[in-house]
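Let's take a walk through this model together, one piece at a time.

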Amino acid sequence: MKLIFEKGAPGQHLTLLPACDVPEVTLSNARTEPLDLPHVSETELTRHYTALAKRVHGVNDGFYPLGSCTMKYNPKINEDMANLPGFTQIHPLQGEETVQGCLEVLHESEKLLCEVTGMNAMTFQPAAGAHGEFTGLLLIKAYHTHRQDTGRTKIIVPDSAHGTNPASAVMAGYTVVNVPSSPDGCVDVEALRAAVGPDTAGLMLTNPNTVGIFDRNILEITRIVHDAGGLCYYDGANLNAVMGVVRPGDMGFDVIHLNLHKTFSTPHGGGGPGAGAVGCKEFLAQFLPGPMVAKDEKGYHFTVPAHSIGRVKNFCGNFAVVVRALTYVLTLGREGIPEAAKNAVLNANYMMKKLGEKYAMAYAGPCMHEFVMTLVDLKEATGVSAMDIAKGLLDHGIHPPTMYFPLIVHEALMIEPTETESQETMDEVCQVFLDLWDLAHENPQALHDAPTKTPVRRLDEVGAARNPVLRYNAG
Amino acid sequence: MGTYIPNTEAQRKAMLSAVGAECVEDLYAAVPREMLVEALDLPAGCSELEVRQKVTAMAAKNRVYATVLRGAGAYRHFIPAVVKSVVSREELVTAYTPYQAEVSQGILQSIFEYQTMICALTGMDVSNASVYDGSTAAAEALAMCRDRKRNKAYVSACADPQTIEVMRTYCFGSGMELETIPEKDGRTDLSAVTLGADAACVYIQQPNYYGNIEDARAIGEAAHAAGAKFIMGCNPIALAVLETPAACGADVAVGEAQPLGLDIAFGGPYLGFMAATKAMFRKLPGRIVGQTHDVDGQVGYVLTLTAREQHIRREKASSNICSNQALCAFTAGVYMTAMGAQGMRQAANLSLSKAHYFAGELEKAGLKRVHSGEFFHEFVTECKNPDKVLRRLDEAGILGGLPLGEDRILWCVTELVSREELDRAAAIIKEVC
């Protein structure tokens, strides 16, 4: 498909702005280079972007079991609420008395999500999960620094963790200590005991973990870290399995981030914007980024925590994403939140059971909201890899699961159906998976060649990295 | 209670029996019993109509101003109708990061086009796919310039104070040193600091926080003379008429791209853009899209140069960024397409000219500009009683400029404000002052 730069003709444009009604001014160090932007009519513009949209698989296009990404349905009421002019037209530096509704959104969201997570305070400034991790780790750093406990330079991360965990730890100035998982995919408690010490600043963990298992030793794990003087960070990427059922705060975690764009149903926009709300226990609240929102008899107002680490982003974060998440939490309420988690877990177990007829599971069930298959045996028997199965799914209108993650499982496919998928859909999808298994044995080449029905077929990623073409150049 | 769960009770029972569980609680057997939540202290769920009423009531408590003369990092510009129409396409809104390139060509191509437009606007060689906002783009840019010998960032005191604060927070994490370069007459006074052998970079904002145009070329030359990199934080609308960061010698150009078609929306989501020279582009954080071919030789797009990124490099990654602001970058791309070069220049010139007209009217009303020299669409005036002035404007439905301390106001005018509105605001101020 042509690029927008290859369409239209010089001189084509939209008529958008009026003539200048005041004397015109020019700057002395004016731009001398040409400004090469597209030149198209409104018709051409809408057709181009409509054609692009058709070349994207979204949640509304079909099943999207991308493990660890919680691709649940994005309710349309959320969009309507976020697009109210009373939110979209508000300047972030208006006086507090003129933004009471925005402050109420932040304050209510904080209150409700603290209850869901077992935390005492929450900031919505971080824009994404990784940004939340960075923020949370800075809280841990500020805590130790404030106590003049300066020898704590290490963050412990299990080898099954998301790549953002170690990368965030380094950005926060820490050295990463990787601890191996035990054969059941959970934290190796003895390895953890050996890893902690007076240099331990904290532990980063997601529970359920990245293989979809709830770590039954969680209280012991957080106790070991606390006893060593470290703090416990909860990566909330997998909260969808347990929200309303068990709370990170009750597991012994001191600070968490939530991906509002996963668990709390806000859309992912092809890669963002998300929101990485960070919650913490009372003793860490004094370090949160400012401003926070407080309430008194006169209404809501901004306040800056006493020993704030400072801002991590301008203004109040991805506010419109928070409006969507609040709308969702208000819709589901106290019964709906655990109901969603339980159905996410039920759906995952249902698929695990059905796929287990042929596919090998990396770990025995029951699983939480997701499970990991390992296609090592299939690959040995047929030459068909996890990648091939994934590409085969594309020809059936199904978005593949997360591939080759976590790193501790070989030929991994990680499946997370979410609670918003019906039994009928899952039955159909499982049948496709099982048919692909048969196809792998009958005609492996067909899967090496897949996909064939997508707008483009397998792309040369190696070539793209070797000879990077990162922008259009008019010939 | 509201729900988005399709499965009926009967279906759930059938599924439970298929997995061999009696009830769903059985599936949570690994959770220590004492930890299970009995009931959350949350309000009961509600119907869509009730939720709509609740949230709409919150929005109604905010004041929407007909006229906005405040910027300071968030700018209300005209957004063509076609932008929202295109951007609300469900496929784009609901998709994840384009890991599966074959079914994500629309997103990947739109990012490739966005990258091209950011390069066109800035004159830089390579753009990434976006970061969270202008402040985090600036903070990430400092980290790009750091090496073993050079650990100190010099940041103009004329940059947005919130952005400086974000940079400080990032430096608290990384251990990079940050020194501010003092201000003189509303501009960066580089002569007030000595760039040492540890200078990693110099950061300025153009136009700066006070709206003033910096002598960017000279600052860039001084930075390079000291062996430091030069970073410019730019307003993308201004770039349509102002010399580019590339022309000023910038190694990295970043900025807040909210003015490119995004609502002010109480501060977010916004869009951080980042672009670099050929020599620096491998240090860019975040996603980058590249052009390639499929097995049939068809042109296609993929996420590329991923060896910089966290999911491959883990603790050795150049940044932890994973999710970015893809839909906002898409929006900016549609906006720049709709505006074209001509429309972008028109928006810039209208903002520039109207701001100068308003500055003249304010001077007549008794509010003199504080700084000398050229400015874009923001400027600072004296004002003995900012509270009173702003209150009177407020009563007339006008959001006045941002008070800076007790005796100054930072004003902003964009193409959205008509001459009549400016005259009306000036008349009110004349009455007060």
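This is a predicted model: local features need pLDDT of at least 70, side-chain atom pairs count only at pLDDT 80 or more; totals for chains, interfaces and linings use all residues.

The bond joining G365(A) and P366(A) is a cis peptide bond, with omega about -5 degrees. Chain B has a cis bond to show you as well: the one from Q206(B) to P207(B), with omega near -20 degrees. You'll find P207(B) in the loop between β7 (199–206) and α8 (216–225) of chain B. Here is some background: most residues other than glycine have a negative phi, and most peptide bonds are trans. Now check T70(A), which is not a glycine and has a positive phi, near 50 degrees. T70(A) lies in the loop between α1 (42–54) and α2 (76–82) of chain A.

Next, the sheet in chain A. Its 7 strands run in the order β1-β7-β6-β5-β4-β2-β3, forming an open sheet with mixed pairing; two strands pair if DSSP finds at least two bridges between them. At the edges stand β1 (121–123) and β3 (175–179) of chain A, each with a single partner strand, so one side of each has no neighbour in the sheet. On average, and ignoring direction, neighbouring strands of this sheet are turned by 25 degrees against each other. Zoom in on β6 (residues 255–258) and β7 (residues 278–280) of chain A: they pair in the antiparallel sense over 3 bridges. There, I256(A) stands opposite G279(A) in β7(A). Helix α5(A) packs on the sheet, touching β2 (154–158), β4 (200–205), β5 (231–236), β6 and β7 of chain A. The direction of α5(A) makes about 165 degrees with that of β6(A).

That helix has a helical partner too. Two packed helices are described by the angle between their axes and the distance between the axes. Helix α5 (residues 129–146) and helix α6 (residues 164–171) of chain A pack at about 45 degrees, with their axes 9 Å apart. (Axes are lines fitted to C-alpha atoms, for helices over the stretch in contact, and angles run from 0 to 180 degrees between N-to-C directions.) That angle makes α5(A) oblique to α6(A); angles under 35 degrees count as roughly parallel, over 145 as roughly antiparallel, 65 to 115 as roughly perpendicular and the rest as oblique. The crossing of α5(A) and α6(A) is right-handed, meaning that the near helix is turned clockwise from the far one by less than a right angle. On the α5(A) side, G129(A), A130(A), E133(A), F134(A) and L137(A) meet T164(A), N165(A), S168(A), A169(A) and M171(A) of α6(A). Residues are in contact here if their C-beta atoms, placed from the backbone, lie within 7 Å.

Now step across to chain B. The contact takes 165 residues from chain B and 163 residues from chain A. Helix α10 (residues 326–365) of chain B gives the most to the side of chain B that touches chain A, with 23 residues. Between the chains, the axes of α11(A) and helix α2 (residues 48–60) of chain B come within 10 Å and cross at roughly 140 degrees. That makes α11(A) oblique to α2(B). The crossing of α11(A) and α2(B) is right-handed. In this contact, T327(A), L330(A) and T331(A) meet V51(B), K54(B) and V55(B).

Finally, the domains, whose bounds come from an automatic or database domain assignment. Chain A is assigned domain 1 (77–332) and domain 2 (341–461), with their C-alpha centres 31 Å apart.

Note on methods:
Residues are numbered from 1 along each chain as its sequence is written. Chains are lettered from A and ligands numbered from 1 in the order in which they are written. Two residues are in contact if their C-beta atoms, placed from the backbone, lie within 7 Å. Helices (H or I, at least four residues) and strands (E, at least two) are DSSP runs, numbered from the N terminus.
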